[in-house]
Amino acid sequence: MSKVWVFTEEPKAALHVLSPAIHTASKFGEKPALLITAGKNLEGVSDRGWGKIIALKGLNDGVSFEQASALATLMKKEAPKIVILPGTKLGKEIAAFSAALSGAAYAPEVSEIFVDGDVIRYARSILGGGVIATYRVKAPYLVATYQLYQYSPPEGGQPIPEIIEMEVLAERSKVSRVEAKLLEKVGVDLRKADRIVSVGRGLAKKEDLSFIEEVAGLLKAEIGCSRILTEDYKWLPTERQIGLTGVIVSPKLYMAIGISGQIQHVIGFNKSKVVVAINKDKNAPIHQYADYSIVDDLYKIVPAIISYLKKTALQQ
């Protein structure tokens with residue numbers, strides 16, 4: 001079996017970690033193996049570049065300890081070098097349990113894994129995202145998670161590998177899933193947005209959100225914000241909050257309007273492709289992270305942008 005595994009019970013979640021798994025497995029001259037609970041619909045997942053797919057039989061969905069026990073048993077038997085899980089709530093539980101049961105090193109929310117011969121290192125953010133630390137693995141295996149939406153999956157249409165069913169031994173948990181219900185989605189998932197217009201304390205009053213909504217509409221963007229607008233002012237719902245205590249986003253365009261750029265917020269958008277900052281304070285930290293900066297009053301610049309976008313739309 002491959003030296004690099006991806007383990008999950010949620011097929012679509014596997015796609016979030018497939019690109020870094022392929023990159024890491026290539027260092028061993030291999031493709032990654034997907035280990036997934038049996039009976040799952042793999043349409044749109046199986047043709048993305050896996051070296052092998054192992055369907056694990058006899059596991060109860062949603063019971064993290066059982067799945068971790070099975071994974072730890074397989075790790076001891078097959079001796080992979082690296083096991084990657086998507087950073088879902090269940091994935092994080094399985095990762096921590098399986099690392100403890102197998103004696104592996106555990107690395108949550110890594111940004112990258114490095115392989116140099118027999119030496120394995122990984123990098124992750126620490127101290128509120130202000131520092132990227134690199135660690136060397138001394139344990140026999142590494143179990144790591146990546147945040148969802150951190151990487152785009154490779155294109156489909158690749159050869160579908162052999163799918164092998166395997167019985168696994170797992171220590172039975174003292175709890176079992178009785179029922180599972182999908183919660184009705186309310187609001188927006190900013191992690192999926194291609195464009196985001198985000199606003200901060202530079203906005204003078206709640207009523208002024210109207211022209212933020214207007215520029216966002218013209219750009220076909222979603223609205224985000226810094227913590228103060230949700231937790232202190234209550235102007236926007238919490239799903240709009242971007243940053244360390246909100247959501248982590250990676251849009252193609254991130255427009256920060258009236259946001260100072262404290263590190264807790266920067267963590268939330270620093271993987272964006274293009275960052276535009278509008279802030280009248282030339283010393284605001286946000287300008288350090290922007291690809292394009294406008295040092296001027298947002299109440300002058302945003303209406304000018306709206307006017308330009310409207311004229312452009314009429315010419316098309």
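Strand β3 (residues 52-57) and β10 run parallel and are joined by five bridges; strands are DSSP runs of E with at least two residues, helices are runs of H or I with at least four residues, and both are numbered from the N terminus. Two strands count as paired if DSSP finds at least two bridges between them. Within β10, Ile164 stands opposite Ile54. The model is predicted: local features need pLDDT of at least 70 and side-chain atom pairs pLDDT 80 or more, whereas totals for chains, interfaces and linings use all residues. Residues are numbered from 1 along each chain as its sequence is written, and side-chain values use heavy atoms, without hydrogens and water.

The open sheet has seven strands with parallel pairing, in the order β5-β9-β4-β1-β2-β3-β10. Because β5 (105-107) and β10 (163-167) each have a single partner strand, they stand at the edges and one side of each lacks a neighbour in the sheet. On average, neighbouring strands are turned by 25° against each other, direction ignored.

Two helices are in contact with this sheet (heavy atoms within 4.5 Å). Angles, from 0 to 180 degrees, are taken between N-to-C directions of lines fitted to C-alpha atoms, for helices over the stretch in contact.

| α1 (residues 11-26) | β1, β2, β4, β9 | about 170° with β1 |

Tyr106 lies in β5 and is partly exposed, with a relative accessible area of 32% (buried is under 20%, exposed over 50%, partly exposed in between; 1.4 Å probe, protein chains only). Its contacts, not counting residues up to four places away in sequence, include Lys92, Ala95 and Tyr122. Tyr106 also touches Val143, 37 residues apart along the chain, with 5.0 Å between their C-alpha atoms.
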